[in-house]
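Here is a short note for a colleague who is new to this structure. Please read it with the model open.

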Protein chains: 2
Amino acid sequence: MNIGIIGGGSIGLLFASYLSEVSMVTIFTRSIEQAREINDNGIFLLGNGQQINISIKAMIIDEWDGKEDLTIVAVKQYQLGSVIREINRSNRHNKNLLFVQNGMGHLKLLSQLNAKNILLGSVEHGANKENPSTVRHNGRGAINLALYRGSKEFLDTVSSMFPSNFSATPQNDYFEMLVNKLIVNAVINPLTAILQVPNGELIKNPFYFTMLKNLFSEISSILNLKNPEEYLQKISNVCKNTANNRSSMLKDLEGGRKTEVDAILGFLLEEAEILSKNAPLITSFNVLVKGKEMERED
Amino acid sequence: MNIGIIGGGSIGLLFASYLSEVSMVTIFTRSIEQAREINDNGIFLLGNGQQINISIKAMIIDEWDGKEDLTIVAVKQYQLGSVIREINRSNRHNKNLLFVQNGMGHLKLLSQLNAKNILLGSVEHGANKENPSTVRHNGRGAINLALYRGSKEFLDTVSSMFPSNFSATPQNDYFEMLVNKLIVNAVINPLTAILQVPNGELIKNPFYFTMLKNLFSEISSILNLKNPEEYLQKISNVCKNTANNRSSMLKDLEGGRKTEVDAILGFLLEEAEILSKNAPLITSFNVLVKGKEMERED
């Protein structure tokens, strides 16, 4: 299987590294400098005290024409609009795409897509891009894949193609799959980003845990969760298992980057509006994170 | 007029420095070390590029017996319980007291007091205690005084006793006077403490200003304010006039000290409960500040 990966961020580099073990991978980056560096030196994958150097072919996004058997779109949700315009420029109708964005903000963009098979992914691996050609694999987690449009057979083919040290599990319902991850992200990311604490503090500090439960309760009401206690337990487990990690949103703010708050809390606020439900805490954390983003721009 | 000042914090040292120009002042501190240092070296008052050294008599709080013509109680609200027990131990019934705590949490403690005249003060000066005998006067502001119990004449006598470079204005209604200050504190302090920004950011950053307005709106509803726009304008003016200052609550957290959140947001939450009003944002910021206090204790 020939695989294209659009996006040279941490997740793009991580997928390129692992999938190159089982497939022919081309990575498409935004900048010509990054493509050149990867072509010259390969990608360096760090983790478990090891450094592995992997040869990968790199091109810039403009050069992508959809001829791969599968293209994994690994840009941030807020960069997706321009990438989708790029994808629609290709006249091929048999394009096969996999989107691995966080949150659910990207769902409304997918209906416009000209493609045969569209898969969605939920990625729980932790990765950090240390420089344009180096990615650190911080934490191992699951990859779940589900069908958004196309054939179930294609979902199974792609899922089974992933190597055993970076496996993917097919899921039946993409909405449920994304909601599961969204809830965890919507609670842990904004709280850790505003409080500037590692994930574990949210359950260790009883006041922060009260805040966590209050925010979760609002989210649970908007999503009309049938089994909130199970979700709350799942969130607590993630905090416990990643106690020393800094969440992606906190790292984005610390690195002066835009966060994925629109894809996460923005989606929930749109849902709340549709249902005419009040969401004072989600509204507050959405505004606070956007304020922090702006602070970094000063 | 003989004046006693209970409390060797920033406000106690500031009052001692200025009032010693017009009165005989004794400062009563918690620790014997601080009393000794002030007796040996006096108080150093910094500000306007000047350093003034003032001789002041210091004793420890246990030695206070209420024989001064006026005792100013300048401890934090959360230390007030033990100080009031101390005050009630003195058998004199002609004690005259002035309380200058932030917030309104201290009001419920005053009814138990054995005293002739009780004044309340609202202090808008900015001061920072740099060491046990040194206080920096950061920002000039108003001092307002009002009668809680006793004679109007005593209020006027005390107000007119303050020196012209540290003047005090008598007010008619202590509740209104304290509410005015509480509203400003309840908005600016928790927001700056959690966001870790100077006061000016709250109006400069449009997202933070949205948060400020939402929090104010909840406070306004609990206090049933008749003219919310005026109060909002006042808060904005304080942010503008003290743009580079770090609020007392932020400084308390940065210094690893307990904050006055109970006196400020705690009072509002009690009011909300009496009125059966929801206060999700006040509840949240109360919990977040208490979480930050606990973080510092780790």
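1. The model is predicted: local features need pLDDT of at least 70, side-chain atom pairs count only at pLDDT 80 or more, and totals for chains, interfaces and linings use all residues. Residues are numbered from 1 along each chain as its sequence is written, chains are lettered from A in the order in which they are written, and side-chain values use heavy atoms, with hydrogens and water left out.

2. A rotation of 180° with 0.1 Å of shift along its axis brings chain A onto chain B, at an RMSD of 0.1 Å (least squares on C-alpha atoms of residues with pLDDT of at least 70 in both). The two copies are therefore related as by a two-fold rotation axis. Both use the same surface: 96% of the contact residues of chain A recur in chain B (contact means heavy atoms within 4.5 Å).

3. Helix α8 of chain A spans residues 206-223 (helices are DSSP runs of H or I, at least four residues, numbered from the N terminus). At its start, a side-chain oxygen of Asn205(A) comes to within 3.0 Å of the backbone nitrogen of Phe207(A). Just after the helix, Asn224(A) has a positive phi of about 55°.

4. The buried residues of α8(A) include Tyr208(A), Met211(A), Leu215(A) and Ile219(A) (buried means under 20% relative accessible area, with a 1.4 Å probe and protein chains only).

5. Thr134(B) sits in strand β10 of chain B, residues 134-139 (strands are DSSP runs of E, at least two residues). Thr134(B) is buried, at 9% relative accessible area. Not counting residues up to four places away in sequence, Thr134(B) touches Leu13(B), Phe44(B), Leu46(B), Asn128(B) and Lys129(B).

Conventions:
Buried means under 20% relative accessible area, exposed over 50%, partly exposed in between (1.4 Å probe, protein chains only). The expected span of a helix is 1.5 Å times one less than its number of residues. A polar contact is a pair of N or O atoms within 3.5 Å; within protein, one must be able to donate a hydrogen and the other to accept it, and residues adjacent in sequence count only if both atoms are side-chain atoms.
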